[in-house]
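I hope they are handy to have beside the viewer.

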Amino acid sequence: MTVSLEKVYETPVKDSRTVILWVSRHRPLKAQIDELERRLGPIVVYQLSGVIPSAEFVAERAEGLGAKYVVPVLPLSFTARLVELAKAKGFEVLIARMRSVAVVKDLSEAERVVGERPDRRTVAAHANGTARVFEFERFERLLRVELVTEPF
C-alpha cells in the first residue's frame, strides 16, 4: 500500500483556515470536524493514509502543508517521536479521545450500533470476527509520551 495525501474537508469560507493533518486510514467523523471548527474556526483537513514509514515522514508532510495541528492514529513509538518533532517543526499533536461503547459478535451488529450516532461513532473489526464500537468524546493536546519500566 502506498501513502496518499488528500484534502478531506475545508470550511466553506474565504478567510484563512487552520491546517490540520489527519494521519489515519479512517476519515474524521462529522463530530470531530465540528469540534475542530468550534475550537479553531475555519479549518482545512488533509488526510495522510497508507503505510506511514516514520514520524519524520509525517512531520515533513505537516511542515510542507503548514499544518498547525497533527491528529495521528499511529503506533505509540511513532506518536512519541512525533510529539518530540512537533516542537521543532511548529505544530501541535492532538489525539481524539474515543470511548468504547460496545463489543459485538459481528460487523452487522456493530454497524447497527454505529447507526445510532453515525456522526460520533466508528467501528474497529478484529480478526476473530468481533468488532468494537467507539464514540468520539473530545480532543486532547498530547504533550508527552512516557514509557516507564522496571526490571523483571
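1. Please keep in mind that the model is a predicted one.

2. Now the overall layout. The protein chain has four helices and seven strands, and their order along the sequence is β-β-α-β-α-β-α-β-α-β-β. Its radius of gyration is 17 Å, close to the 15 Å from the globule rule for 152 residues, so the chain is as compact as a globular protein of that length. Along the principal axes, the C-alpha atoms fill a box of roughly 55 × 45 × 30 Å.

3. Some whole-chain values may be of use to you. Of the 152 residues, 38% are buried. The accessible surface is about 9400 Å², and carbon and sulfur atoms account for 51% of it. If you take contacts between residues at least 6 apart in sequence, 67% of them join residues at least 24 apart.

4. Which residues form the aromatic cluster? The members are Trp-22, Phe-136 and Phe-139, and the structure holds two aromatic pairs. Phe-136 and Phe-139 make a tilted pair, 5.0 Å centre to centre with 55° between the planes. Trp-22 and Phe-139 are both buried; for Phe-139 the relative accessibility is 14%, which is why this residue counts as buried.

5. There is also a charge and a ring to look at. The charged end of Arg-61 sits over the ring of Phe-57, at 3.8 Å from the ring centre.

6. Is Arg-121 buried or exposed? Arg-121 is buried, because its relative accessible area is 12%, which falls under the 20% limit. Arg-121 is part of strand E6 (residues 121-125), and its side chain makes a polar contact of 3.0 Å with the side chain of Glu-116. Leaving aside neighbours within four places in sequence, the residues in contact with Arg-121 are Leu-29, Val-101, Val-113, Val-114, Glu-116, Val-133, Phe-134 and Glu-135.

7. Helix H1 (residues 30-40) is worth a look next. Its buried residues are Ala-31, Gln-32, Ile-33, Glu-35 and Leu-36. What do the buried residues of H1 pack against? Their partners are strands E1 (4-10), E2, E3 (43-49), E5 (92-104) and E7. Just after H1, Gly-41 adopts a positive phi of about 80°.

8. Last, the segment after E7, where Val-145 is found. With 29% relative accessibility, Val-145 counts as partly exposed. Not counting residues up to four places away in sequence, Val-145 touches Leu-76, Ala-80 and Val-83. The C-alpha atoms of Val-145 and Thr-79 are 7.8 Å apart in space, while the two residues are 66 apart in sequence.

Methods:
Residues numbered from 1 in each chain as written. Predicted model: local features only at pLDDT ≥ 70, side-chain atom pairs only at ≥ 80, totals over all residues. Heavy atoms only, no water. Phe/Tyr/Trp six-rings, centres within 6.5 Å; stacked < 30°, edge-to-face > 60°. Buried < 20%, exposed > 50% of the residue type's maximum accessible area, 1.4 Å probe, protein only. Lys NZ or Arg CZ within 6 Å of the ring centre and 35° of its normal. Helix = DSSP H or I, 4+ residues; strand = E, 2+ residues; numbered from the N terminus. Polar contact = N/O pair within 3.5 Å; in protein donor to acceptor, adjacent residues only side chain to side chain. Contact = heavy atoms within 4.5 Å. Rg over C-alpha atoms; globule rule 2.2 N^0.38 Å. Areas by Shrake-Rupley, 256 points an atom, 1.4 Å probe, with all protein chains shown as cover.
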